[in-house]
Amino acid sequence: MSPVSVVDQHPLDKVLRSDRMPHIWCPGCGIGVAMRCFGQAILESGIPIEKHIVVSGIGCSGRVAGYMNIDSYHTTHGRAIPFALGLKLANPSLMVSVFSGDGDLVAIGGNHLIHAARRNVDLKVICINNFNYGMTGGQAGPTTPRGALATTTPYGNPELPFNLPYLLAASGANFVSRWSNLHVRQIKEDILYTFTKPGFTFIEILCPCPVGFGKSNNIEDGLEEMELYRQRCVLVRDGDIRAEELDIDLREDRPIYVGKFVDRDRAPYKPVEIGQ
Amino acid sequence: MTIKSVLTGKHFMHGDHACAEGALAAGCRFFGGYPITPSTEIGEHLARRMPEVGGVFIQMEDELGSMSAILGASAAGARSMTATSGPGLSLMLENIGLGVMLELPSVIVDVQRGSPSTGLPTMPGQSDVMQARWGSHGDYEIVAYSPWSPQEMFDLTVLSFNIADRYRTPVLLLADEVVGHMVERVVIPPADQIERWERKRPQNPPNGRFDPFKVIGEDLVPPMVHAGEGYRIHYTGLTHDEHGYPDMSADTHHNLVVRLVEKVRRNASQIIRTEEHSLEDARIVVVSFGCTARSARRAVRLARQQGIPAGLLRLVSIWPFPEGLLGELANQVDEFIVAEMNLGQIRLEVERVVRRPVKGIHHAGGAMIPPEPILHAIQEAAQ
């Protein structure tokens, strides 16, 4: 009997571009897990597949647009959100998701992120947070913990990071949650929920990046980072947490709070309509 | 009263407003922009008018977002536009490059002011000409028109949408503060007389494999699929093959970039617009564009009254550059003079094509070049 068995079908064949496999992600990377949750949610959404659109920016997470077998747009660095906004407003019947990384969405695209949340435009944002720039080889970014080592912070990161749920809550998003890569069921359920939730929604997914972030910060591999999540993740009852406790530092033995932080009904953005 | 998208009739109209009305008449139904003098009136006018015609006006957080948003709207099937001035164009260039690469029709209005940097916000300039041509990174061709009147702010905006859709490319309307803020007679034709060239669209409904970047036909323009139509297309700013998939090979890259460039070059005769004044027997030709061409026309008339065989070639389109026409003119013309409100951007282009030194009448911007220095240069050339 062959030690390798090849299956003919994958449950996500309908929504993945199997001719694009294998993907570019490193062993131990968490992006594929999150993409699987996204694909599963699309399948279960009951929304016709042709109405699902995904827009990505640049970076490892940005490659998701290229692997999803739906209409997909791989745009410029940081601009996925305004591009997606144009798509959605020009054709409101589309379900437009933005799948990208922390560097793309929060650093170079940070201004678009907060303004889209402020407007409460109907976009479903899934943000992979792996605490660094992975594709370019492990540079520090706006989510890198203070003191962490990266190729551009060889003496430790002198800056303080963003706390994404706090940022998005303050900016006005209708829905904000955070999960780790271990929480596949919760991620999928939240994505499904956001498909039914009008307005701007934001799901942060903490992902191992063993090659970019882990290697410089004494995290052996993806599995070890997953184990850190297993040990430290604490579920928060809806939004019941002080902001500073939401800060994450994998290198410290302190809780990582996950869960739903915002679920509210601010009026979603609608272009002005006047009677003709 | 029904509210019209085409304001058919004779108007005394502001140039920026004429541009906005041209967009509506052309069927533009998405405007994303950021306020910047001297283009702001375009956005303000559309903020009021877009809802009247069922379109979308959105004031974005910056010009990066504006350009990205109009590309997204275009991908969803809308005719879309933004308007800005030099500092904003600098920011838009990133995603103008994306528009070129994804072949997304879009119209970018640049009402030029004195530059560089913040420069002269309320005063005219014509110094974004080379930025428009080369500002985004990489090899590409761009289309740019240069209106010299409020009437052309209307007409060339309509044309810009048609060219953008026909060739699947961003098109720039390189206006200037003088033309943008000028109030003049504008005639808007009946709606059924406004030309509309539609995007080339796929022949078959979605069924099996579809190659969104496969070219059928000599014009090198692939048919365009919009979001949500079921073709399951992938668009990427990465080098891509005919299927739209990233392909990191030198051959694919070369073929793609050459096609994108050739798409404009091969169709240049359909895109280029020029206007000739007294050129038939001219031995001295002034080349000019935008507001400066108004002074140049005056200078040429005065020179003719003095018996000097002068003529004007007005560049209604600036890019692609009318190399063929200028090359032919070079055979009959003794002297070329370029008048422009910059320090030689088009003069060097003309020199490149006519292969001889060209006299430039230049000013860095802030005030129109009057007819006198142009006339003086014509008189000197005639001696």
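Two strands pair if DSSP finds at least two bridges between them. The views below come from a predicted model.

**View 1. Strand β2 of chain A pairs with strand β10 of chain B.** Three bridges join β2(A) to β10(B), residues 234–236. The two strands run parallel. A:Tyr73 has B:Tyr235 as its bridge partner in β10(B). β2(A) itself spans residues 71–74.

**View 2. Chain A meets chain B.** On chain A, 33 residues are in contact with 41 residues of chain B. Three elements of chain A each supply at least two residues to the side that touches chain B: β2 (71–74), α3 (80–90) and α5 (110–119). The largest share comes from α3(A), with eight residues. By class, this side of chain A has 14 nonpolar residues, 13 polar residues and six charged residues.

**View 3. Chain B is divided into two domains.** Domain 1 covers 9–193 and domain 2 covers 276–382. Their C-alpha centres lie 26 Å apart. Across the boundary, 25 residues of domain 1 of chain B are in contact with 22 residues of domain 2 of chain B.

**View 4. The side of domain 1 of chain B that touches domain 2 of chain B.** Strands β6 (120–124), β7 (143–145) and β8 (170–176) of chain B each supply at least two residues here. So do helices α5 (129–134) and α7 (177–181) of chain B. α5(B) gives the most, with four residues. By class, this side of domain 1 has 16 nonpolar, six polar and three charged residues.

**View 5. The largest nonpolar core.** This core holds 191 residues. The members that touch the most other members are A:Ala34, A:Val55, A:Leu87, B:Val286 and B:Ile374. Helix α6 of chain B, residues 150–167, gives the largest share, nine residues. Domain 1 and domain 2 of chain B each contribute at least three residues to this core. In soluble globular proteins, nonpolar side chains tend to be buried together.

**View 6. The contacts of B:Ile374.** B:Ile374 is among the core members that touch the most others. Neighbours within four places in sequence are left aside here. B:Val286 is itself one of the core members that touch the most others.

Methods:
Residues are numbered from 1 along each chain as its sequence is written. Chains are lettered from A and ligands numbered from 1 in the order in which they are written. This is a predicted model: local features need pLDDT of at least 70, side-chain atom pairs count only at pLDDT 80 or more; totals for chains, interfaces and linings use all residues. Two residues are in contact if their C-beta atoms, placed from the backbone, lie within 7 Å. Ala, Val, Leu, Ile, Met, Phe, Trp, Tyr, Cys and Pro count as nonpolar, Asp, Glu, Lys and Arg as charged, and the others, Gly among them, as polar. Domain bounds come from an automatic or database domain assignment. A nonpolar core is a set of buried Ala, Val, Leu, Ile, Met, Phe, Trp, Tyr and Cys residues joined through C-beta atoms within 7 Å. A residue is buried if 20 or more other C-beta atoms lie within 10 Å of its own, exposed if 12 or fewer, and partly exposed in between; C-beta atoms are placed from the backbone.
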